[in-house]
Each structure stands twice: as C-alpha cells, then as structure tokens.
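User: I would like to learn how to read a protein model step by step. Where should I start?

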Amino acid sequence: MSTSVTLGCVALDCPEPYRLADFYGKLLGWKLAPDSDDEWVTLVNPDGGADISFQRDPDYRPSTWPSNERPQMLHLDFTVEDLEAEHERTLQLGARLLDDKPETFRVYADPDGHPFCLCAC
C-alpha cells in the first residue's frame with residue numbers, strides 16, 4: 001500500500017528550546033533551521049531523514065524513568081560505532097548516565113531529563 005505520509009520530525013517538549021537544541025546539535029553535529037524561534041527550534045537532519053524539534057513548554061516535567069511516577073513517552077536511539085568514546089563525549093556535553101549495564105547500549109538523560117540511548121548494536 002502506498003501512502004503520502006512521511007515522518008517529518010520528532011518534537012520534544014522542554015522549557016528552553018534553544019538550550020536543548022544546542023545539546024543535541026553538538027551530540028549529532030546537526031545545524032539549526034533558519035526559521036527557528038523561541039517557541040519552536042528545529043535541528044535539520046543533514047541526511048534528509050526526520051528532523052528533531054524542540055517545543056517550549058514552561059510546565060514541562062521530566063520523566064522519572066526507570067520509575068513509572070512520570071513514565072517516558074518515547075525515547076531516541078542513536079547508533080554509534082565506538083560506544084566508549086561517544087559515552088565520554090556525551091557526558092561532557094551534559095547528559096546524565098541512567099543505565100550502563102547492557103553491553104551494546106547505554107541509557108542517558110539529556111539536560112532536560114528526556115531518556116535516550118547510544119547503541120552499538
């Protein structure tokens with residue numbers, strides 16, 4: 001079945017869109033879209049896939065994963081070749097390690113508490 005629906009972006013709620021976009025921009029090496037503003041900031045996927053956007057939500061509250069008090073609604077998985085090197089760089093950028101038990105991936109929280117994984121799977 002053919003469809004004209006495509007995934008344009010994944011949007012994350014956050015209190016300061018430019019600040020969170022800066023974190024992910026440095027992590028991924030992506031650039032800001034020129035039409036970004038204080039309410040909606042987009043990082044453009046240079047490979048032409050889905051972008052990542054950041055929407056201002058002054059009432060945003062982070063996930064408490066692994067607790068279900070405030071469960072995660074989604075998380076992002078990023079593929080890496082060298083998990084150890086990217087682990088150190090990710091922490092230096094401001095991520096917080098949540099789980100390093102699996103051998104092929106690690107779970108982090110970004111500066112606003114959104115869970116994400118680095119995967120060498």
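This is a predicted model: local features need pLDDT of at least 70, side-chain atom pairs count only at pLDDT 80 or more; totals for chains, interfaces and linings use all residues.

User: What does UniProt place at residues 6-121?

Analyst: The UniProt record, an unreviewed entry, gives the feature "domain: VOC" for residues 6-121.

User: How many helices and strands does the protein chain have?

Analyst: Count the elements, then read their order. The protein chain has two helices and eight strands. Starting at the N terminus, the order is β-α-β-β-β-β-α-β-β-β.

User: What does the C-alpha trace span along its principal axes?

Analyst: The C-alpha trace of the protein chain spans about 40 × 35 × 35 Å.

User: How much of the protein chain counts as buried?

Analyst: Buried means under 20% relative accessible area. By that cut-off, 36% of the 121 residues are buried. The accessible surface comes to about 7,500 Å², and carbon and sulfur atoms hold 51% of it.

User: Which share of the contacts joins residues 24 or more positions apart?

Analyst: Take the contacts with a separation of 6 or more; 51% of them are between residues 24 or more positions apart.

User: How many positive and negative side chains are there?

Analyst: The protein chain has 10 positive and 23 negative side chains. The centres of these two sets lie 5 Å apart.

Key: Residues are numbered from 1 along each chain as its sequence is written. Side-chain values use heavy atoms; hydrogens and water are left out. Helices (H or I, at least four residues) and strands (E, at least two) are DSSP runs, numbered from the N terminus. Buried means under 20% relative accessible area, exposed over 50%, partly exposed in between (1.4 Å probe, protein chains only). Contact means heavy atoms within 4.5 Å. Accessible areas come from the Shrake-Rupley method with a 1.4 Å probe; for residues, only the protein chains shown count as cover. Lys and Arg count as positive and Asp and Glu as negative; His and the chain ends are not counted. The place of a charge is taken as NZ of Lys, CZ of Arg, CG of Asp or CD of Glu. UniProt positions are given in the numbering used here, feature names are shortened, and annotations may be inferred rather than shown by experiment.
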